[in-house]
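Please look over the sequence and the structure shown below before reading on. The report that follows describes them part by part.

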Amino acid sequence: MRCCVCLFQQSLQCSPSKMAAGESNSRSSCLNLSNSGPLGNAPPSNSAHSSPASNGGTMGAAGGINRSTGNSNPQSGPENGGGAESAVRSTPSAQNPSRQPVGQSGATSGAASNMTATSSSSSSSSSSASTASADASAAVPSLPSSPASVLVYREPVYNWQATKSTVKERFAFLFNNEVLSDVHFLVGKGMGVQRIPAHRFALAVGSAVFDAMFNGGMATTSTEIELPDVEPAAFLALLKFLYSDEVQIGPETVMTTLYTAKKYAVPALEAHCVEFLKKNLRADNAFMLLTQARLFDEPQLASLCLENIDKNTADALAAEGFTDIDLDTLMAVLERDTLGVREVRLFVAAVRWADAEAQRQQLQPTPENKRRVLGKSLSLIRFPLMTIEEFAAGPAQSGILTDREVVSLFLHFTVNPKPHVEFIDRPRCCLRGKECSITRFSQVESRWGYSGTSDRIRFSVNRRIFVVGFGLYGSIHGPTDYQVNIQIIHTDSNTVLGQNDTGFSCDGTASTFRVMFKEPVEILPSVNYIACATLKGPDSHYGTKGMRKVTHEAPATGTKTCFTFCYAAGNNNGTSVEDGQIPEVIFYT
């Protein structure tokens, strides 16, 4: 049975002025119960424990209601003894202008109109509701023992069709309404079950699943259907859409409504749910929505979630919902080449997820169990993309990797040629748009020698960019191969932010040759960094007439990126602002 709180809250939806004016349609009364009879509007929240609406209920012209225990047709008219006119003739109290309570055959004069009362165990939402409940209880010394016993006063709804000028209005009136209903659904589980009236024709018109349920070869003849796997709020949202094309979804109900719309094959409502999720997609809920999109087979939504994760990887990984995803979703993310975060942070996030997963599986969060729950996802973390410092401080000491894997990766970081490792070494690149580059020299000269000392130059920029590589000069002696180590170092902390041990081939011309980092290096505005290149090979070309400030202007937007170059303290193999190596910086904005 619904409590007084729910009834009173629903009554607040009515316009007092309209009620005072005596508006006769059911929506002006607003005081309805799940058990309020064949002519009453059922409320959004219905008690599954109430008995079905009596089919013998009738309504008098003055609004009095007398419910019997008979089984007469709720649509019976004067010809078979039913209907409003029959109620007036057969019920003496119907001639009395005082409204009569449902479930009472005797007079209850003096009770306030448009109020409701439940059994003494019900609670009220305000003092006025409590007073109304007490007054009605006093007017009726004893109530029937049935759990459906309630007192309801409301305006008559006879001839309700006359107030509805369109088919849409008439069907909207029937939503969650006992009027003409021929089936009831028991929706939800346990104490949360709600009994919701419906109309087979309206449901079959809007859903192929309901059509098969009621009209197919194995159609059900039951008048009560249990739906334990559906949330009541979601089912009501589905019915609201089928009856009136109105969409009622919110953050708390959108996922359950999407599930319900899919279950009953209502693609139009599915589309509304997906559109709602798209509009509310953020970094802090991207992983949660990605899991749901994969569960409900919504590839478009899943794609949008992955794009959001690519653009906001650090924020998405830090969100609480990240640790709740399943292993398949974790692997789908780790497989991507477009994540915008350093690999060591991916490892830290994966370990955090493994902690949560071990607890879900009731395992101790030991390194062995973390490796066990991570499974194949561990091989998707690209340890070779880390710096040796990052690897030594984190993964190497975590206990998750085997001793053999740790040794193999340390060899990969420190020796040339690099031995094969079991982990992916393909760079991730989250960058979009057009690649940019600047050249800091205006002239090229010959002979620049190398003896193991690094060429270095300090620089800063006026806006955030991502450096992906350098352009370096090659040999003056014709086609040659070089071994090279490139780095970007944070000047104040002396931290290596990005590096790569690699090689390049040159053709003997004065052109520059691209040498790329393993992954983009984020450069923040007004911060000093050192570009460093250590070459092993024959003498090369070098640049002269260097510029202290170099500006790049984007052709499409006119956005300017200004580089400022300065001398880097220490041994730089002779490279300076005026001349030397590292003539070109390749970047994205």
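Two residues are said to be in contact, or to touch, when heavy atoms of theirs lie within 4.5 Å. In this predicted model, K278 touches Q300, L301 and L304, leaving out residues up to four places away in sequence. K278 belongs to helix α11, which runs over residues 267-279, and because its relative accessible area is 21%, K278 is partly exposed. Although K278 and C305 are 27 residues apart in sequence, their C-alpha atoms are 8.5 Å apart in space.

The protein as a whole has 589 residues, of which 50% count as buried, and it contains 20 helices and 19 strands. Among the contacts that join residues at least 6 apart in sequence, 72% are between residues at least 24 apart.

How confident is the predictor, and what is the mean pLDDT of the protein? The mean is 78, and 73% of the residues reach 70 or more. Over residues 1-45, however, the pLDDT is below 50, and this stretch has 129 contacts in the model beyond near neighbours in sequence. Residues 49-156 likewise have a pLDDT under 50, and for them the model has 186 contacts beyond four places in sequence. Where pLDDT is low, the predicted coordinates should not be read in detail.

The largest nonpolar core holds 83 residues, and those that touch the most other members are F185, L203, F210, F235, Y243, Y264 and F383. Helix α16, at residues 343-360, supplies the largest share of this core with 9 residues. A second, separate core of 35 residues includes W448, V461, A533 and I582. Returning to Y264, its contacts beyond four places in sequence are S207, V209, F210, M213, L227, V230, F235 and L238.

Is helix α15 (residues 327-334) enclosed or open? Because 6 of its 8 residues are buried, α15 is largely enclosed by the rest of the structure. The buried residues are T329, L330, M331, A332, V333 and L334, and what covers them includes α12 (286-295), α13 (299-311), α16 and α17.

Helix α20 shows how length and burial can be checked by reasoning. At 1.5 Å a residue, the 12 residues of α20 (residues 403-414) should span 16 Å, and since the C-alpha atoms at its ends are 17 Å apart, the two values agree. Within α20, the residues E405, V406, L409, H412 and F413 are buried.

| Residue | Relative accessibility | State |
|---|---|---|
| C532 | 3% | buried |
| C562 | 19% | buried |
| K278 | 21% | partly exposed |

Because the limit is 20%, C562 at 19% counts as buried, whereas K278 at 21% is partly exposed. A search for disulfides over the whole structure finds 0.

Definitions and conventions
Residues are numbered from 1 along each chain as its sequence is written. This is a predicted model: local features need pLDDT of at least 70, side-chain atom pairs count only at pLDDT 80 or more; totals for chains, interfaces and linings use all residues. Side-chain values use heavy atoms; hydrogens and water are left out. Helices (H or I, at least four residues) and strands (E, at least two) are DSSP runs, numbered from the N terminus. The expected span of a helix is 1.5 Å times one less than its number of residues. Buried means under 20% relative accessible area, exposed over 50%, partly exposed in between (1.4 Å probe, protein chains only). A disulfide is a pair of cysteine sulfur atoms within 2.5 Å. pLDDT is the predictor's confidence in each residue, from 0 to 100. A nonpolar core is a set of buried Ala, Val, Leu, Ile, Met, Phe, Trp, Tyr and Cys residues joined through side-chain atoms within 4.5 Å.
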